[in-house]
Amino acid sequence: MPPREAHASAPGKIILLGEHAVVYGEPSLSLALDRRIRVDAGAGGPRATVNGEPLHAHRHAYIHQALERGWNGAPLQLHTESELPSASGVGSSAALSVATNAVLLRLHSDTPPAPPAIARAAFETELVTQGAASPNDTSVSTAGGVVLLSPSPRPGAELLWTIERDGRAWHVQRLPPLDLPLVVGNSGSRSHTADQVAKVRRFADRSAFARDLLRQIGQLTNDGVDALADGDLRRLGQLMNRNQDCLHTLGVDTPVLERLVLAARRVPGTYGAKLTGAGGGGSMIALSERPDDVVAALERLGAHAFRVRSSGRGVEVGP
Ligand code: MEV
């Protein structure tokens, strides 16, 4: 018998290299974070609620969309708890989509859902809610750890699943765990992924130069995977800096993010810094031997800055 109650949690993420380009089938390299979102769900009650409020199609857009596609319409009480700032480039909507779809799949079945089924359902939720998306954020949140998406499988990397859509294939692969000295600086201004993805789409549709930038980002990401395999943080940092230049030219950087990136790079021991996620606000990351000094430098500029660790824990579903 399927359970009447279920819970799931899923991590946020940061993209080291490859955001935006991954929407066009280029590779991306990401880490799941040690900060999570948890969703508890119980069937029953007079109508669907989220944290005690009636489900609202806009306020609870990702949950609403997940229920539209993956639920039978019976009343459901949902509770969410988040350690992730929302609309800040660290994957809170992906983690919410993953955890919500995981509980819905669990409530439908006698056995816990398999990660590929969760990743596919959560990708659909993001795609429909945002209008355009790659499966990057939802797959990283589902898998946990260090994850590479690429258009063809990379030899030596464990293939977790493949997601195909509109003639593109994203191979989701696990890379060895690593503990990088990383800092996130949240600019405090909200970033709307759909707007930024649409902005890049308009640029790419009419400009061969923009399409070339997206391909360059793909090449930087492949080089970054090699640098990571060699443990070469200096090279990885240089590649992050070049990726930032491409994102800046694509138009998704902001003056505040740029100031934070430059401040992080000025701290001795910093290998590289770039925006992370969709841009247009949200967060930047820095790879630095002196992460505490970077946190202090970013906070002096008014950012909410914190060290992050990657986590091997992907989605977890109960009971
Ligand atoms: C957002 O975190 C990452 C983007 O590449 C969008 C996506 O991959 O869906 C900008």
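# Ligand shell and selected residues

The residues around the ligand are Lys13, Ile15, Glu19, His20, Val22, Val23, Ala133, Ser134, Asp137, Val197, Gly277 and Ala278. The structure is a predicted model, and the values below are computed from it. By residue class, the shell around the ligand divides into six nonpolar, three polar and three charged residues, and the ligand itself sits in the largest pocket.

**Ligand contacts**

- In the side chain of lysine 13, an N or O atom is placed 3.2 Å from an oxygen atom of the ligand, and lysine 13 is also listed among the residues around the ligand.
- Serine 134 contributes a side-chain N or O atom that is 2.6 Å from an oxygen atom of the ligand.
- For aspartate 137, the distance between a polar side-chain atom and an oxygen atom of the ligand is 2.6 Å.
- On its own the ligand has 300 Å² of accessible area, and the protein covers 98% of that area.

**Histidine 20 in the ligand shell**

- Histidine 20, one of the residues around the ligand, has its place in the loop between strand 1 (5–17) and strand 2 (28–43).
- The backbone of histidine 20 has a phi near 70 degrees, which is a positive value in a residue other than glycine.

**Lysine 274 and isoleucine 15**

- Lysine 274 has its place in strand 10, which comprises residues 270–276, and with a relative accessible area of 0% lysine 274 is buried.
- A polar atom of the lysine 274 side chain lies 3.1 Å from the backbone oxygen of isoleucine 15, and isoleucine 15 is in turn one of the residues around the ligand.

**Glutamine 244 and its side-chain contact**

- Glutamine 244 is found in helix 7, which spans residues 233–250, and with a relative accessible area of 1% glutamine 244 is buried.
- The side chain of glutamine 244 is joined to the side chain of aspartate 253 by a polar contact of 3.2 Å.

**Further backbone features**

- Between glycine 318 and proline 319 the peptide bond is cis, with omega near 0 degrees, and proline 319 is found in the segment after strand 13 (316–318).
- Aspartate 166, found in the loop between strand 7 (158–165) and strand 8 (168–175), has a phi near 50 degrees, a positive value in a residue other than glycine.
- The relative accessible area of aspartate 166 is 71%, and because exposed means over 50%, aspartate 166 counts as exposed.

**Residue pairs separated along the chain**

- Threonine 138 has its place in helix 4 (residues 136–143) and counts as buried at 0% relative accessibility; the C-alpha atoms of threonine 138 and proline 11 are separated by 9.6 Å, although these residues are 127 residues apart along the chain.
- Serine 30 has its place in strand 2 and is buried, with a relative accessible area of 0%; from C-alpha to C-alpha, serine 30 and glycine 312 are 12 Å apart in space and 282 residues apart in sequence.
- Methionine 284 is found in strand 11 (residues 283–288) and counts as buried at 0% relative accessibility; the C-alpha atoms of methionine 284 and leucine 78, 206 residues apart along the chain, are separated by 31 Å.
- Glutamate 158 lies in strand 7, and the C-alpha atoms of glutamate 158 and valine 147, eleven residues apart along the chain, are separated by 9.7 Å.
- With 45% relative accessibility, glutamate 158 counts as partly exposed, because that class covers values between the 20% limit for buried and the 50% limit for exposed.

How values were computed:
Residues are numbered from 1 along each chain as its sequence is written. This is a predicted model: local features need pLDDT of at least 70, side-chain atom pairs count only at pLDDT 80 or more; totals for chains, interfaces and linings use all residues. Side-chain values use heavy atoms; hydrogens and water are left out. A residue is near a molecule or strand if one of its heavy atoms lies within 4 Å of it. A polar contact is a pair of N or O atoms within 3.5 Å; within protein, one must be able to donate a hydrogen and the other to accept it, and residues adjacent in sequence count only if both atoms are side-chain atoms. Accessible areas come from the Shrake-Rupley method with a 1.4 Å probe; for residues, only the protein chains shown count as cover. On a 1 Å grid over the protein atoms alone, a cavity is a set of points where a 1.4 Å probe fits but cannot get out, and a pocket is an open set with protein on both sides within 12 Å along at least five of seven lines; lining residues have an atom within 4 Å of a point. A molecule sits in a cavity or pocket if more than half of its atoms lie within 2 Å of its grid points. Ala, Val, Leu, Ile, Met, Phe, Trp, Tyr, Cys and Pro count as nonpolar, Asp, Glu, Lys and Arg as charged, and the others, Gly among them, as polar. Helices (H or I, at least four residues) and strands (E, at least two) are DSSP runs, numbered from the N terminus. Buried means under 20% relative accessible area, exposed over 50%, partly exposed in between (1.4 Å probe, protein chains only).
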